[in-house]
Structures are given as C-alpha cells and as structure tokens.
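The notes follow the order in which I looked.

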Amino acid sequence: MSIAKFIKKWTLPCAMVVGAIVYTMFTAIKPLEPVGEAVAPYILNILPVVIFLMLYVTFCKIQIDDLRPRTWHFWLQGIRITLSAIMVAIIALVKDMETKIILEGVFICIICPTAAAAPVITEKLGGSIESLTVYTLIANVVTSIIIPLFFPMVEKGADITFSFAFIMILKRVVTVLLLPLCLALLTRRYLPKFAEKIKKQKDLAFYMWGFNLSIMMGLTLHYIVVSEVSGMTLLLLLFLPLGVTLLLFGIGKGVGHCYGESISAGQALGQKNTMVGIWLTVTFLNPVAAVAPCAYVIWQNLVNSWQLWYKDKYGELKW
C-alpha cells in the first residue's frame with residue numbers, strides 16, 4: 001500500500017499522530033519553542049475558519065425538505081440530561097477531592113453538546129446530514145439551558161447564569177453552524193452550478209476535518225501535559241472517557257436503530273464538541289478535570305476511525 005493510500009484510508013489516526021508529533025517538536029526542542037509560542041495563537045484561530053468552510057461544503061449537499069426534528073432527537077436529549085443529572089447527584093455525595101475531579105471529568109464528557117463536525121463524519125459513514133444538523137442545533141439549545149442548572153451543583157463557586165450560557169452557546173452555534181448552513185442554502189438556491197461543483201468534491205470536508213484534528217490533537221496534548229495530576233487519577237481521567245465514549249455511541253446507535261438512523265444517532269450522542277467541554281471545565285469546574293474531555297478527543301476519533309475502516313471493508317455500517 002502506498003503512503004498516499006495509507007493516509008487516505010487512515011486519515012483520522014494519521015491526523016492525530018501528526019498533531020502529536022508537531023506539538024512535541026515545538027515543545028521539546030529548545031530552539032523551536034519560541035516559534036511554537038509565537039505561531040500557536042494563529043494556528044488556534046484557524047480552527048473556527050476551517051470548521052466554517054468544512055460545514056459549508058457539507059451543507060451544500062443538504063436536502064432542505066429533510067431538515068425537521070425526529071423523535072429520536074428528543075429521546076437522546078432526555079438520555080443526555082438524565083445521565084448528566086445522575087453524575088451531578090453522585091458528585092454531590094463525594095467528599096474525596098481526587099474522586100470528585102475524576103467524576104467531574106466524566107460529567108463534562110456526557111454533558112458536552114454534539115460536535116459541529118459530526119455531520120462530516122456522518123456523511124462519510126452513510127448517515128443523514130440533515131437529521132444530525134437539526135439534532136446538533138437542538139443539542140446546543142438544550143446545553144445552554146442545563147449548564148447553568150447543573151454547574152453550580154457540581155462546583156459551588158461556579159458563577160454561570162442562564163443568559164451567559166445561552167449567549168455563549170448561541171455565539172458558537174451562529175458562527176460555526178447557522179452561518180455556513182444559511183450560506184450553503186443560498187448557494188443552492190442562487191448558484192446551483194457552483195453548489196453542484198462543491199457536491200462533487202466527495203471527501204473535501206473530511207480532509208478539512210483531518211487538518212483541524214491535527215491542531216486539536218496538539219491542543220489536547222498541551223492540556224494533558226500541563227495538568228497538575230499524576231498516578232491513578234491521571235490514568236482514570238485518561239481511560240474512563242473510553243468507557244463513556246463506547247457507552248454514548250452504543251446508546252445513540254441503539255436508540256437510532258429503532259428509527260432506522262443508527263449511524264446518525266450514534267454520532268449525535270457520541271461525537272462531542274470537546275473544545276467547548278475543555279473551556280467550560282477550565283473556566284467553571286476544576287481545571288484538572290479537563291484531562292477527561294482531552295482524552296475523549298482521542299477515543300471518539302479512534303471509534304470514528306474504526307467505523308470508517310469497517311464501512312470501507314464491508315461496504316456499510318449495519319448498526
């Protein structure tokens with residue numbers, strides 16, 4: 001197998017490895033450290049731009065008539081809220097600080113909204129872009145409501161109001177989800193030939209996501225390296241998110257299977273906007289717990305890589 005074919009087949013793992021190598025180079029090699037520090041802010045600013053373009057390309061393929069809520073959308077929101085509430089209740093009973101940090105990490109992995117990039121992977125797996133787009137909008141609205149309700153129960157000093165949470169989530173939804181959606185719909189309406197050319201670029205959005213994943217992997221390693229935790233606590237913060245990842249993907253697929261949309265529902269509940277989760281943890285909860293959503297970045301993309309491999313080998317995902 002040629003290098004190009006290998007990278008094409010294993011795009012997500014390759015992107016994570018590249019991100020890890022580049023981050024290590026610019027932090028471990030002394031002469032490169034100043035360069036890394038100077039360039040890092042500009043690299044991070046690229047993330048939302050690439051996500052915008054990536055979703056614009058994906059949304060050009062949307063069928064407007066299919067943009068409607070499904071029953072499973074509300075089932076999954078109910079499950080997410082219930083699981084989050086259970087974690088809040090457990091955390092309230094815990095007195096040991098390290099145990100509480102670990103549970104906060106699990107909690108943030110569950111409560112995170114669906115990743116904006118989820119429609120890109122869903123399309124690649126053969127799911128419904130339209131269905132997942134509507135779900136993502138619903139998930140972000142629900143998140144803006146439950147965050148100010150649950151966070152003060154998890155951390156007594158968490159000063160987060162409904163209006164702040166709503167504006168924060170709304171800003172992200174408008175800039176990286178609604179704007180590319182509206183622009184894509186306008187392109188389909190007034191520039192149909194251009195939209196058709198974009199639709200023919202089959203994997204363009206997917207490779208954009210691979211580029212962004214490299215940047216996110218570097219950021220993920222940064223949070224893990226600078227975290228002031230070690231030993232068993234660090235191991236649990238790194239590996240418990242694997243269990244959460246498998247659980248959420250499994251529940252999503254199980255519910256979606258009942259409605260003939262196991263792929264879309266699995267991505268809806270399992271693929272998380274971990275960057276929002278990391279920011280929320282560092283800002284309002286114990287910053288050490290941010291290791292968990294960082295680890296979730298790795299696990300969810302390994303799950304996605306395995307799903308892509310399975311579909312490539314067997315032609316489709318049957319669950």
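How much accessible surface does the protein have, and what share of it belongs to carbon and sulfur atoms? I find about 15,100 Å², with 70% belonging to carbon and sulfur atoms; the areas come from the Shrake-Rupley method with a 1.4 Å probe, and for residues only the protein chains shown count as cover.

Before going on I note that this is a predicted model, in which local features need pLDDT of at least 70 and side-chain atom pairs count only at pLDDT 80 or more, while totals for chains, interfaces and linings use all residues. Residues are numbered from 1 along each chain as its sequence is written, and side-chain values use heavy atoms, with hydrogens and water left out.

**Fold.** I count 14 helices and 0 strands, taking both as DSSP runs numbered from the N terminus (helices H or I, at least four residues; strands E, at least two). The radius of gyration, taken over C-alpha atoms, is 19 Å, close to the 20 Å that the globule rule (2.2 Å times the number of residues to the power 0.38) gives for 319 residues, so the protein is as compact as a globular protein of that length. Along the principal axes, the C-alpha trace spans about 60 × 50 × 40 Å.

**Burial and core.** I looked up burial next and found that 52% of the 319 residues count as buried, where buried means under 20% relative accessible area, exposed over 50% and partly exposed in between (1.4 Å probe, protein chains only). The largest nonpolar core holds 96 residues, among which Leu-76, Phe-107, Phe-151 and Trp-209 touch the most other members; such a core is a set of buried Ala, Val, Leu, Ile, Met, Phe, Trp, Tyr and Cys residues joined through side-chain atoms within 4.5 Å. Helix α7 (residues 129–154) gives this core its largest share, 12 residues.

**Helix α13.** I noted that 8 of the 11 residues of α13 (residues 274–284) are buried, so this helix is largely enclosed by the rest of the structure. The buried residues, including Met-275, Ile-278 and Phe-284, pack against α5 (97–111), α7, α8 (162–190), α10 (204–226) and α14, with contact meaning heavy atoms within 4.5 Å.

**Asn-301.** This residue is found in helix α14 (residues 291–314) and is buried, with a relative accessible area of 1%. Leaving aside residues up to four places away in sequence, I find that Asn-301 touches Leu-12, Met-16, Trp-209 and Leu-213.
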